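The plan is to look up the fold, then a few residues, and jot down what turns up.

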Amino acid sequence: MTVHFTDALDDGPAHGWSLVRIRTDHAGGGWALDDSAVWSAEGRLLAAARQARVVRDPVTPQTAAGTMNS
């Protein structure tokens with residue numbers, strides 16, 4: 001994940017609530033590409049991020065004997 005902070009934080013930390021948006025721009029072929037943004041309660045963009053991630057098949061739980069749990 002790559003995060004870029006804006007100059008909105010130069011004056012100190014933001015106070016109050018923040019709005020976070022995370023959007024998957026593309027998913028397929030075992031990969032997903034996400035874009036994220038964080039805004040202050042006043043509506044100033046605080047940070048933006050981008051992440052590429054692997055999407056794996058779920059692992060099926062098994063018992064010690066190797067049989068499926070029911």
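Started with a turn: strand 2 and strand 3 form a hairpin with 2 residues between them, and Gly29 in that turn has a positive phi of about 65 degrees. Strands here are DSSP runs of E, at least two residues, and helices are runs of H or I, at least four residues, both numbered from the N terminus.

Ground rules before going on. I'm reading a predicted model, where local features need pLDDT of at least 70 and side-chain atom pairs count only at pLDDT 80 or more, while totals for chains, interfaces and linings use all residues. Residues are numbered from 1 along each chain as its sequence is written, and side-chain values use heavy atoms, with hydrogens and water left out.

**The sheet**

I went through the whole protein chain and found 0 helices and 4 strands. Along the sequence the pattern reads β-β-β-β.

Next I checked the pairings (two strands pair if DSSP finds at least two bridges between them). Strand 2 (residues 18–28) is joined to strand 3 (residues 31–40) by 10 bridges, and His26 stands opposite Leu33 of strand 3. Strand 3 is joined to strand 4 (residues 45–54) by 9 bridges, again antiparallel. There, Asp35 has Arg50 in strand 4 as its bridge partner.

**Residues I looked up**

Is Ser36 buried or exposed? Ser36, in strand 3, counts as buried because its relative accessibility is 15%. My cut-offs: buried is under 20% relative accessible area, exposed is over 50%, and partly exposed is in between (1.4 Å probe, protein chains only). Leaving out residues up to four places away in sequence, Ser36 touches Arg21, Ile22, Ala47, Ala48 and Ala49. A contact means heavy atoms within 4.5 Å.

Asp25 is in strand 2 and is partly exposed, at 38% relative accessibility. Beyond its neighbours within four places in sequence, Asp25 is in contact with Leu33, Asp35 and Arg50. Asp25 and Asp35 are 10 residues apart in sequence, with 6.9 Å between their C-alpha atoms.

Ala14 sits in the loop between strand 1 and strand 2, partly exposed at 36%. Not counting residues up to four places away, Ala14 touches Leu9, Ser40 and Leu46. From Ala14 to Trp39 I read 25 residues in sequence and 9.3 Å, C-alpha to C-alpha.

**Outside and totals**

Phe5 belongs to strand 1 (residues 2–5) and is exposed, with a relative accessible area of 61%.

Buried residues make up 14% of the 70 residues in the protein chain. The protein chain exposes about 5600 Å², and carbon and sulfur atoms supply 57% of it. Accessible areas come from the Shrake-Rupley method with a 1.4 Å probe; for residues, only the protein chains shown count as cover. Last entry: of the contacts with a separation of 6 or more, 36% are between residues 24 or more positions apart.
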